[in-house]
Amino acid sequence: MAILGLDSDVRSIVIFRLIRYFFIMLLLDSSDQNLRAAGSAIAQGKIVAIPTETVYGLGADAFNAQAVARIFAAKNRPTFDPLIVHVASASALDTVVRLVPPKARILVEALWPGPLTLVMPKREVIPDIVTAGLDTVGVRCPSHPVARKIIEYSGTAVAAPSANPFGYISPTTAMHVAKQLGDRVDMIIDGGPCTVGVESTVIDMTHEIPIVLRPGGMPLERIEELIGELAFPEKELKVFASPGQLKSHYAPHADLLLFEEGALARIDPASVPAHAAALAFDAPMAERLRESACFDMIYVLSPKGNMLEAAANLFAVMRTADEAGFSTLYAERVPDAGLGRAINDRLYRASKKS
């Protein structure tokens, strides 16, 4: 009642500070004591937001169907979209899958821990809710030491999709999680900003020629060096073997319009609506867009044109543009190689389709 009696501007400040305090109280640093508490919480059937090198994940015991169901409820995620199971080390792989194909074993030995998810035949102990009823499961071992410690302390494998409302921009800091899901999770561990910034590459290893289900943080070129040819789905999938395959995903609230490389430099200013911003891959592109005088703000993914930095900044920049209230966001495809494939994939899925 005391707050209601305040001047409206003062009341807004007080409410903002209370909300910020609530968010901060949710965040726990990555001390060993907190990591043990997070692992214990997962073992008890709770859901915990954990940092990984890709994005922050919302983790639950992968063998506990009720705990996993809480993830779907917290995210408003459809149950036909399967989850990725995270293990603390490659030695735990056999607790989750019943068969590791030879090519998968090569990738595990060379690229784990890292941003690479492998889809393989699951063990029956993995609940159907994790895999959307499929007989395969996506598994990865994250390279973030905090994530691996939490999984180790939990004593189980951890099912963990991105810690955001379904379909929205993935979180790359603990505060992103707190703002979006703070009242729906039991604990948030702050491990700092994500270094990769886009989700893992997903490869279906159940075929003679492995199939790329989602480009991501592990460059496809590196995978091909190790196991040879990769294939892509021949048609749009109706049944999803891993997350991130929906045509529309990772979307900001603003309309994101995606163009081919170089197109924004030739755009007609009269076609650009009010309150529009643009994403620039590097500083030279940003300068060209400023000269066009089409946009109210230009966000630069990597001033020096570093693809790793651009990937790490992508979701955070999209989120910043959203929070600034822009109605339309313009972007171009980046060079389609290495992490550029992952960036282009996320931009396409986040874009407005005609």
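Is Asn34 buried or exposed, going by its relative accessibility? At 16% relative accessibility, Asn34 counts as buried, where buried means under 20% relative accessible area, exposed means over 50%, and partly exposed covers what lies in between (1.4 Å probe, protein chains only). All of this comes from a predicted model, in which local features need pLDDT of at least 70 and side-chain atom pairs count only at pLDDT 80 or more, while totals for chains, interfaces and linings use all residues. Residues are numbered from 1 along each chain as its sequence is written, and side-chain values use heavy atoms, with hydrogens and water left out.

Asn34 itself sits in helix 2 (residues 32-43); helices (H or I, at least four residues) and strands (E, at least two) are DSSP runs, numbered from the N terminus. Leaving out residues up to four places away in sequence, Asn34 touches Leu28, Asp29, Met187 and Ile189, a contact being heavy atoms within 4.5 Å. With Ile189 the sequence gap is 155 residues, yet the C-alpha to C-alpha distance is 7.7 Å.

Now for the chain as a whole. The protein chain has 11 helices and 14 strands, and 53% of its 354 residues are buried. Among contacts with a separation of 6 or more, 68% involve residues 24 or more positions apart.

An open sheet of 10 strands runs in the order 1-8-2-3-7-4-6-5-9-10, with mixed pairing; two strands pair if DSSP finds at least two bridges between them. Strands of a sheet pair through backbone hydrogen bonds, either parallel or antiparallel. The edges belong to strand 1 (27-28) and strand 10 (211-214), each of which has a single partner strand, so one side of each is left without a neighbour in the sheet. Helix 7 (residues 174-181) packs on this sheet and touches strand 1, strand 2, strand 3 and strand 8 (187-189). The direction of helix 7 makes about 160° with that of strand 8; axes here are lines fitted to C-alpha atoms, for helices over the stretch in contact, and angles run from 0 to 180 degrees between N-to-C directions. Strand 2 (residues 48-50) and strand 3 (residues 57-61) run antiparallel and are joined by 3 bridges, with Ala49 opposite Leu58 in strand 3.

Elsewhere in the sheet, strand 5 (116-121) is mostly covered, with 6 of its 6 residues buried. Strand 5 pairs with strand 9 in the parallel sense over 4 bridges, and Leu118 has Ile203 in strand 9 as its bridge partner. Strand 5 also runs antiparallel to strand 6 (residues 136-140), again through 4 bridges, and there Met120 stands opposite Val137. Val137 turns up again among the contacts of Thr131, which also include Pro82, Lys122, Ile126 and Thr136 once neighbours within four places in sequence are set aside. Thr131 belongs to helix 5 (residues 128-131) and, at 2% relative accessibility, counts as buried.

Helix 8 (residues 220-227) has Leu220, Ile223 and Ile227 buried. These three cover an arc of only 60° around the axis, which puts them on the same side of helix 8; the arc is that of the directions from the helix axis to the C-beta atoms. An α-helix has 3.6 residues a turn, so residues three or four places apart point the same way. The cover over the buried residues of helix 8 includes helix 4 (102-111), strand 5, strand 9 (201-204), strand 10 and helix 11 (339-350). After helix 8 comes Gly228, with a positive phi near 85°.

As for aromatics, a search of the whole structure finds 3 aromatic pairs. Rings of Phe, Tyr and Trp (its six-membered ring) pair if their centres lie within 6.5 Å; planes under 30 degrees apart count as stacked, over 60 as edge-to-face and the rest as tilted. The Tyr299 and Phe326 rings have centres 6.3 Å apart and planes at 80°, so this pair is edge-to-face. Tyr299 lies in strand 13 (residues 297-300) and Phe326 in the loop between helix 10 (307-323) and strand 14 (328-332), so the pair ties together parts that are 27 residues apart in sequence. Both Tyr299 and Phe326 are buried. Phe259, Phe295 and Tyr330 form one aromatic cluster.

The disulfide count is 0, a disulfide being a pair of cysteine sulfur atoms within 2.5 Å.
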